[in-house]
Amino acid sequence: MSQPAGATTPVVSLRGLRKEFPGVGGGARVVAVDGVDLDIAEGEFVTLLGPSGSGKTTVLRMIAGFETPSGGQVLLRGADVTRTAPFERDVNTVFQDYALFPHMTVLQNVEYGLRVKKVPRVQRRERALEALAGVRLEGMEKRAPGQLSGGQRQRVALARALVNRPSVLLLDEPLGALDLKLREQMQVELKQIQREVGITFVFVTHDQEEALTMSDRIVVFNRGRVDQVGSPAEIYEHPRTTFVAGFVGTSNLLHAKASEALLGEAGLFSVRPEKIRLLADGEDPVTGETVAPAVVEEVVYAGATTRIVARLDAGDSLVVQRQNQRTSSLDTEGLRGARVRLAWSREHASRLPDDDG
Amino acid sequence: MTLSARARLLLRLATFGGLAVIYVPLLVVLVNSFNPSKTFGWPPSGFTTQWWSRAASNPGAREALLTSVEIALAATALALVLGSMAAFAVARYRWFGRETVSFLVVLPIALPGIVTGIALNSAFSAGGVALGFLTVVVGHATFCIVVVYNNVLARLRRTGTTLEEASADLGASTLQTFLHVTFPQLRGALLAGGLLAFALSFDEIVVTQFTISAGLQTLPIWIFANLFRPNQAPVVNVVAAALVVASVIPVYLANRLSEGNGGGRL
């Protein structure tokens, strides 16, 4: 509380955040969030990524104030809001199912936050219309939410939250209900809107691709804990746990036996499929490349790429992803069962802790 | 499922037969209220409105009607308050004994009226409460609460808490959220539950018998008392016909309201 608010104070700080829920039918208490520490800076787009039940949504709900932490603190711009009611926090949420008020028009929905804060009518009308224009929904003011498409409802929910100019916008799997095309389009738009308004976004998703495309930083959740925090590239290229390696991208693991034989270091390593190439007959590896003789078990043609599953002589199977730049399905047909040599740069094999997960 | 033409015909006949058993007698009551013959000779020998005007000027019937409306309104009001409070507690909070209370609230609608009636009667006399207007209201409220409770509970379960969370998230205080979001969502359910409660109370007779004082008469009790007096028969018939019409309207409205998607349109 005594901390001065300045440019260096994070917008959101979580300190040892913990949440337990009572077990169903008198069962043991369930620990949903187990000691989360996180600082989110002004204007950042941070994604909380994890499978369902990993605690990411509970963390978001604790930032919003819908859940009271069992332990730890939530700070907004340095002020402790752990026990503050949702309506007294300077954050707004875009809900998974949008939660638009069905008995109000689009305009009334967007005006709601200003109305309950007693902003004068003329001013709130102006700001609401501006917010609707910001999400490209001009002319829809009089509609009822029930008359809108999923994508349009999504935008109303966004405008309704942004019109209040919160310090932080929380988004709880907001694109989950949209079909693939619309989702990709909204990903780009969301990112654009975030850049325009300059508000900190905390985005929850279980979709790793969405997280990689949109975020400045990704926080990977695993069973109530944070496994890794980093930029999309860091998370993808250098996963720090087996869980991250498997959840983000394809898990390609080398265990102790294979790694000792190939890398000269016994341990658990992850190699991304697109980092591995197939050496042509008689082709020499580049300096610093690891070479692994293998037998092709499976070939899957997927249009832009071909995925090849190869069993290494040293043990373990690796997936190789190859761009179909010149190849076509015809070239890959004869590959099954063939002896090949896989090669990857040594730096692309990331060491993982042995004893985890 | 595909049915043979024969089976379809039989099912149709059975449906119409069943509905006829219920509605033809009601129709006869309506027609007879305009029948000049005092003994309801069939077919009606003509058309008259004299029974209706006689019923309208019958002091006993008018007083009974007024009493019934007053009791039904009071019981409905009581049921709306208590029923929705119970529904809120069950739908929105987890507490010890929740399931039991939920069961106990609904039970009175399944209990035979005579059991409720006897129980209330002996409880009132044991407690030294004089029977009268209020005791009937309490008796009716026992089952009126159920329909309000059920309607409100279903609506609360369907709408969930997200809208209320969204409202709080946008800065609305608890009271503002209730006024602007929760109540508008419930309006349809409250109206539907209230109308049903009113209809239930209005034509109730068994519980009423056990909880009413000697000097007071509700409309159904008045009908019952006058049914076997030959002179009064045409007037009773008119009152019954009026009751049919009066009961159909709230039930029809309640039905339409519960079907509507969300309270949004109301």
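A salt bridge is a side-chain nitrogen of Lys or Arg within 4 Å of a carboxyl oxygen of Asp or Glu. Between chain A and chain B the count is 1 salt bridge, in which the side chains of B:E165 and A:R61 meet (2.6 Å, N to O).

This is a predicted model, in which local features need pLDDT of at least 70 and side-chain atom pairs count only at pLDDT 80 or more, while totals for chains, interfaces and linings use all residues. Residues are numbered from 1 along each chain as its sequence is written, chains are lettered from A and ligands numbered from 1 in the order in which they are written, and side-chain values use heavy atoms, with hydrogens and water left out.

In the contact between the chains (heavy atoms within 4.5 Å), 26 residues of chain A touch 20 residues of chain B. The two chains bury about 1900 Å² between them, with 58% of it on carbon and sulfur atoms; buried area is the accessible area (1.4 Å probe) that two parts lose on being put together, summed over both. Of the area that chain A buries against chain B, A:F87, A:H103 and A:Y112 supply 32%, more than any other three residues.

Chain A itself is divided into domain 1 (12–247) and domain 2 (254–352), with bounds from an automatic or database domain assignment. Their centres, taken over C-alpha atoms, are separated by 39 Å. Here 10 residues of domain 1 are in contact with 10 residues of domain 2, and the domains bury about 710 Å² between them, 41% of it on carbon and sulfur atoms. The count between these domains is 1 salt bridge, and the side chains of A:E237 and A:K275 meet in a salt bridge (3.0 Å, N to O).
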